Amino acid sequence: MERASPRLLKLVILGDSGVGKTSCLERFVNRRFSLQYKATIGADFLTKELEIDASGFAPESVAGSTPEDAAGSHSDDGSPQQSEQLQWVCLQIWDTAGQERFQSLGSAFYRGADGCALVFDLSNSDSLTNAESWLEEFLLQAAPPVPSAFPFVLLGNKVDLMRSRGAACEHIRERALAWCATHHRIQFFETSALENIGIDQAMTALARGAL
Ligand code: GTP
């Protein structure tokens, strides 16, 4: 039996320059990481197909981009598990440049977004302060009908640096937690594109919120 087409969800990833937006996306979609910094110019998108359990539990995301690759989980004996709550989605994730001069990208990049990932660097206090501005900018440009119900996730990236910069990062993390507590639709994830921590969970949670 032929499968129905996946549901397309547009996600936008925002945050200051250098916080690791492209790295998180590359890790999530292509399972790659590079320490070399190459500023994003303008905006670009990557796509990834996966199955989301719309009932609340997020299965591990599935690498690969073909429907067969993305066909989902299997039981212990290798046979596919069928669940009516699994939803096949195609994430179209827009990566925008964090540099000031690219910020006037225009509302086309934001319009129609189903979810937004805000990224900051856990070792950079300003990047967390600016995440709030990015949220305001997004709400202004995308103008979702019910802003308070719009799905956001906040990624505190470069958590691997906490080992060397302990106390300073800890303070920033507490600020992030406090901010998310006052914005009930924002889920906070500590991530590392370098060490592949938390990114699948964050993006899957965002996709589920966007369903
Ligand atoms: P713009 O394109 O300018 O908006 O930057 P960006 O937010 O896309 O940042 P990018 O992904 O290009 O990463 C910036 C630098 O941070 C690169 O040198 C990455 O290798 C590095 N980086 C990204 N994620 C991590 C991480 O989790 N840990 C560490 N230690 N470095 C990271």
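Helix 4 is mostly covered in this predicted model, with nine of its 12 residues buried, where buried means under 20% relative accessible area for a 1.4 Å probe and protein chains only. Those buried residues are Ile199, Asp200, Ala202, Met203, Thr204, Ala205, Leu206, Ala207 and Ala210. The helix runs over residues 199-210 and reaches 16 Å from its first C-alpha to its last, close to the 16 Å expected at 1.5 Å a residue, the expected span being 1.5 Å times one less than the number of residues. Helices (H or I, at least four residues) and strands (E, at least two) are DSSP runs numbered from the N terminus.

The model is a prediction in which local features need pLDDT of at least 70 and side-chain atom pairs count only at pLDDT 80 or more, whereas totals for chains, interfaces and linings use all residues. Residues are numbered from 1 along each chain as its sequence is written, and side-chain values use heavy atoms, with hydrogens and water left out.

The structure holds zero disulfides, a disulfide being a pair of cysteine sulfur atoms within 2.5 Å. For Cys90, the nearest cysteine sulfur, that of Cys116, is 18 Å away.

Terms used
Buried < 20%, exposed > 50% of the residue type's maximum accessible area, 1.4 Å probe, protein only.
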